[in-house]
Amino acid sequence: RRFLSSIAIVLILCCGTCSDTMTGMVVPCCFLAIAAVALLPCAVSGLDNGLALTPPLGWSSWLALGERDFCDEKTLRDSADALVETGLATAGYNTLMISDCWGAVDRSTDGKLQAETDRFPSGSLKGVIDYIHSKGLRAGVYQDIGTATCVGNRAGLYGHYADDAKQLALEWGIDWIKIDNCNNRLHPTELYPEIAKAFNATKHPVLINLCEWGVEEPWKWASEAGNSWRVTGDHRDEFSSTKKIILMQKGMSNYSGAPKHGWNDMDMVFTGLADQQPKAHRYFPGQTHTEYITEFSLWALLQSPLVWTGDVRNMSDFQRSVLFNYDILAIHNDTSSKQGDYVTALDPAGDVQVWRKFINNERNQAVVIVNLGDTAAASVQVAFESLGLTATTQAIVTDLWTKQNVTTTGVFPAKPGRALEPHACIMVKVFPLPI
């Protein structure tokens, strides 16, 4: 929008006629102005920096490599190797996010950010970032809007926004930054735009993920300051947290996606973490495979950034089966319509819920039926009328987890009685006929 406004100003100031000194021809000056403007680089802004045109994917070191805030040069390099070797990078998880584990408490004598020397002997993160880039990956780092980070009291950005943006973007070459909101007594509505302005001034595009935990309703203002914004508190690897975050997304579909190209961030997904990282679960009880499938299904339908935390160096078959579900990743990547939203409940208690996202330019629908209840299995059947179709609509329904196709009229499943266990979900695509 800012770029188009500058074109209009040039035309207003410059339109007229003038003589070409080479040919003697009289030409409209405004045409010359258009040509000159077209050669200028498009201004980078928090909204239009050319990034996150689809919901981003990646991997985070948080909880993945040992203690919650542990990382070092070796584990990060090994994880970069594994992102490529496992095929996760090719599947779209091509950003390695270095979480709140790298920074030193104090700045250098010249006021710059520096890495913990015991974990990064070089004292700099640049060597690791260069290695990440050498693998064809994008590099992300964690930082904080305040004076110190949330864990470890590591140096934050406050008071150094312009200089730190230059260091991180131009000297180190980061591609993504998560900016937390600890140790800050000022309004994030004022500070986040300042940070975005500082990164924009570098002319090096950096995907900006804002994290003030949804306190000031960032979905209403943050699209001018970042590419994604956390809409909830921290996600914990336990189903009570997963359920709470899902329920908070009701009515949020008007606040993300095109044309803003910004996304409501529900925080990371933990797919399979409980199976491989016992140290992390001093903090959380973990989830079952059923619950991890529900987590991934709803995060994808609601088009949250999909940033996975888990030990990528030792992936299980279960983790692969979830993270490489290309049918569901295609739903997550479909920006032809808004993110998914709540539709209706199928039981009086409101635990068995239907969520839906239009796909393929609203010709078809992706639907999740989820049992958020804690005790009883539920017999489920969804009427097409609740999805805006008719009782006589015939459709092909494809289960995105079992890969089974059925043709049914008016309802699905075609026969009532399919039991949906507590915390389980069904995720399908509905293709009304004729296709």
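I call two cysteine sulfur atoms a disulfide if they lie within 2.5 Å. The model is predicted, so local features need pLDDT of at least 70 and side-chain atom pairs pLDDT 80 or more, while totals for chains, interfaces and linings use all residues. Residues are numbered from 1 along each chain as its sequence is written, and side-chain values use heavy atoms, without hydrogens and water.

Entry on disulfides. I searched the whole structure and found 2 disulfides. One joins cysteine 71 to cysteine 101, S to S 2.1 Å. Cysteine 71 sits in the loop between β3 and α3, and cysteine 101 in the loop between β4 and α5, 30 residues apart. I took helices (H or I, at least four residues) and strands (E, at least two) as DSSP runs, numbered from the N terminus.

The other disulfide pairs cysteine 150 with cysteine 182, their sulfur atoms 1.9 Å apart. These two are 32 residues apart in the chain. With 100° about the S-S bond, this link is right-handed.

Entry on burial. I used buried for under 20% relative accessible area, exposed for over 50% and partly exposed in between (1.4 Å probe, protein chains only). Cysteine 71 counts as buried because its relative accessibility is 0%. Cysteine 150 is partly exposed at 32%.

Entry on α10. I noted that 10 of its 13 residues are buried, including Tyr292 and Trp299.
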